Amino acid sequence: MIREQLYYQVESFTQKQVFHKNLEKDELMDAIKEYVQQYKQIQMLTKKKTIHGLISKKGKVTVKMKNIGGKQKTLSHNRKKKYILEEGKKVEFLVDLGVMTQEGKIVRAKYDKFRQINRFLEFIEDILPNLPKNREVNIIDFGCGKSYLTFAMYYYLNELKGYDIRIIGLDLKEDVIRHCNRLRKKYGFHKLDFYVGHIEDFEGADQVDMVVTLHACDTATDFALYKAVKWNAAVILSVPCCQHELNAQIHNGEMAPIMDYGILKERMAALATDGLRGKLLEMEGYKTQILEFIDMEHTPKNILIRAVRDGRRSHAQTESYQQCVRLLGVEPTLERLLWKGETEREIR
């Protein structure tokens, strides 16, 4: 319901984008007719029924309907969102991290952090089919910081989903790491460990299933992505931060008038950095998406690179990638690590 008018929201997906439309009833019926002509299978959920339609190769149409019980859903456009970690349900590590009160209420000043944690868990929920269930899952969190998301990830995968997991968090701040280790002992998170160290120097794992890098500064993200590729990690989740490298390199005569404005050059360089990282991962056998991590109004660091290994190397993109870097006049660190055999220490 929007301003007393009933609409039906249609959400459609392409390989790279998501589109939303709010349609009136007649418009919705026209859209459904179009979908039926395009697809061989359609499933519709109404307030009262689930309707499943199938079209055979010979054009025979089969429709099955099932009644739905339970409470009627609210039609309010501004209905309360249901989070993976629910409001009102006390979670110990969120209390200690200052996000939640002892009564399970969200601290007003930390509500954005609460939303960010849940948004991150939604991304993990999407990639669960890519994690093994029959053995220990090894996860590295590079640049873990205060570890809001690291604790949330362990709690969600181990306690809520029942995965046998081992997580290592790595960061440069000794006092933060000491605090995180105290907390993980308090909660009995026995397979969660925190260490002090540089990403490029880390050698503490032979097999890694998932690499997480959240706000690793500048080229630290590249070192983390490089290690993930070399480990053949099944999943990579990366929220880049402070992409300064290409800002210093980027040069294009035709774009010089725009590049005169520092803030525009900085933003263009940051977007180019993450776009090129995504293409490099695709060329290394990862199905890669660049997604909105959280609304821009809450944080400017709102891009997440999600890469799932499918083994299909996209060599066809190599030439267009090289044309792009020549156009921008740049040489990204991740390219040098992956393609030119330079080591992390040489680049540093």
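Q: Hi! Where do Glu282 and Lys279 lie?
A: Both are in helix H9 (residues 262-283), three residues apart, about one turn of the helix. Helices (H or I, at least four residues) and strands (E, at least two) are DSSP runs, numbered from the N terminus. This is a predicted model, where local features need pLDDT of at least 70 and side-chain atom pairs count only at pLDDT 80 or more, while totals for chains, interfaces and linings use all residues. Residues are numbered from 1 along each chain as its sequence is written, and side-chain values use heavy atoms, with hydrogens and water left out.

Q: What does Glu282 form with Lys279?
A: A salt bridge, with the closest N and O atoms 3.4 Å apart. The term means a side-chain nitrogen of Lys or Arg within 4 Å of a carboxyl oxygen of Asp or Glu.

Q: And how many salt bridges by this rule?
A: The count comes to 18.

Q: Which side chain does Arg306 meet in a salt bridge?
A: That of Asp126, at 3.1 Å, N to O. Arg306 lies in strand E12 (residues 303-309) and Asp126 in helix H3 (residues 111-127), so the pair ties together parts 180 residues apart in sequence.

Q: Is Arg306 buried or exposed?
A: Buried, at 10% relative accessibility; Asp126 is partly exposed at 47%. Buried means under 20% relative accessible area, exposed over 50%, partly exposed in between (1.4 Å probe, protein chains only).

Q: New topic: which residues are linked in a network of salt bridges?
A: Glu136, Asp164, Arg166, Arg184, Lys191 and Asp193. Within that group, the side chains of Arg166 and Glu136 meet at 3.6 Å, N to O.
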